[in-house]
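Thank you all for making time this morning.

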Amino acid sequence: MNVANLQLEGLMMAVASINNLLVHKGLLSIDDIDIALRKAEANVTGDERTYEDMSPANRDAICFPIRLLQIANNAQGEADIPPFSELAKMVGQTKEPYNDQR
């Protein structure tokens with residue numbers, strides 16, 4: 001596996017852990033984090049000029065960490081965050097197609 005991929009995996013799990021801590025400390029709610037992540041994804045999947053010429057696969061690649069963090073956020077409870085491999089599998093199972101399939 002590419003070392004950069006491992007670094008990104010570590011970064012995504014660190015952010016998921018920070019989000020979990022923010023919720024459990026009462027600083028943000030699960031809904032607050034979900035809204036922020038949905039806005040981030042909307043910037044990529046919407047009609048933004050920056051991304052309109054990208055293929056759906058490239059937009060999926062950009063959205064992957066956002067979607068993984070959404071799932072980690074919504075799966076959190078008193079227990080630890082699910083492992084990366086489980087979160088990544090859930091991203092693949094829940095991915096929706098784009099409206100402008102090319």
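Let me begin with Lys 39, which counts as exposed because its relative accessibility is 57%, and the cut-off for that word is over 50%. Lys 39 has its place in helix 2. If you look from Lys 39 towards Ile 66, the two are 27 residues apart in sequence, and in space their C-alpha atoms are 9.9 Å apart. Please keep in mind throughout that what you see is a predicted model.

Now stay in helix 2, which covers residues 30–45, and find Glu 41 there. Is Glu 41 buried or exposed? Glu 41 is buried, because its relative accessible area is 15%, and buried means under 20%. Which residues does Glu 41 touch, once we leave aside its neighbours within four places in sequence? The contacts of Glu 41 are then with Cys 63, Ile 66, Arg 67 and Gln 70.

Those partners bring us to the packing of helix 2 against helix 3. The axes of these two helices come within 10 Å and cross at roughly 170°, which makes helix 2 roughly antiparallel to helix 3, since angles over 145 degrees are counted that way. On the side of helix 2, the contact is made by Ile 30, Ile 33, Asp 34, Leu 37, Arg 38, Ala 40, Glu 41, Val 44 and Thr 45. On the side of helix 3, the residues that take part include Arg 59, Ile 62, Cys 63, Ile 66 and Arg 67. Sorted by class, the contact of helix 2 with helix 3 has nine nonpolar, four polar and five charged residues.

Let us turn to the other neighbour I want to show you, helix 4. Helix 3 and helix 4 pack with their axes 9 Å apart, at an angle of about 110°, and they are therefore roughly perpendicular to each other. Here Phe 64, Arg 67, Leu 68, Ile 71 and Ala 72 of helix 3 meet a group in helix 4, among them Phe 84, Leu 87 and Val 91. By class, this contact of helix 3 with helix 4 has nine nonpolar residues, one polar residue and one charged residue.

The ring centres of Phe 64 and Phe 84 are 6.2 Å apart and the ring planes stand at 65°, so the pair is edge-to-face. Because Phe 64 lies in helix 3, residues 56–75, and Phe 84 lies in helix 4, residues 84–94, the pair ties together parts that are 20 residues apart in sequence. Phe 64 counts as partly exposed, at 23% relative accessibility, whereas Phe 84 is buried, with a relative accessible area of 18%.

Finally, let us step back to the whole chain. The protein chain has four helices and zero strands, so that, by the way elements are assigned from DSSP runs, the order from the N terminus reads α-α-α-α. Of its 102 residues, 28% count as buried. The protein chain exposes about 6,800 Å², and carbon and sulfur atoms supply 54% of that area. Among the contacts between residues at least 6 apart in sequence, 64% join residues at least 24 apart.

Key. Residues numbered from 1 in each chain as written. Predicted model: local features only at pLDDT ≥ 70, side-chain atom pairs only at ≥ 80, totals over all residues. Heavy atoms only, no water. Buried < 20%, exposed > 50% of the residue type's maximum accessible area, 1.4 Å probe, protein only. Contact = heavy atoms within 4.5 Å. Areas by Shrake-Rupley, 256 points an atom, 1.4 Å probe, with all protein chains shown as cover. Phe/Tyr/Trp six-rings, centres within 6.5 Å; stacked < 30°, edge-to-face > 60°. Axes fitted to C-alpha atoms, helices over the stretch in contact; angles between N-to-C directions. Parallel < 35°, antiparallel > 145°, perpendicular 65-115°, else oblique. Nonpolar A, V, L, I, M, F, W, Y, C, P; charged D, E, K, R; others polar.
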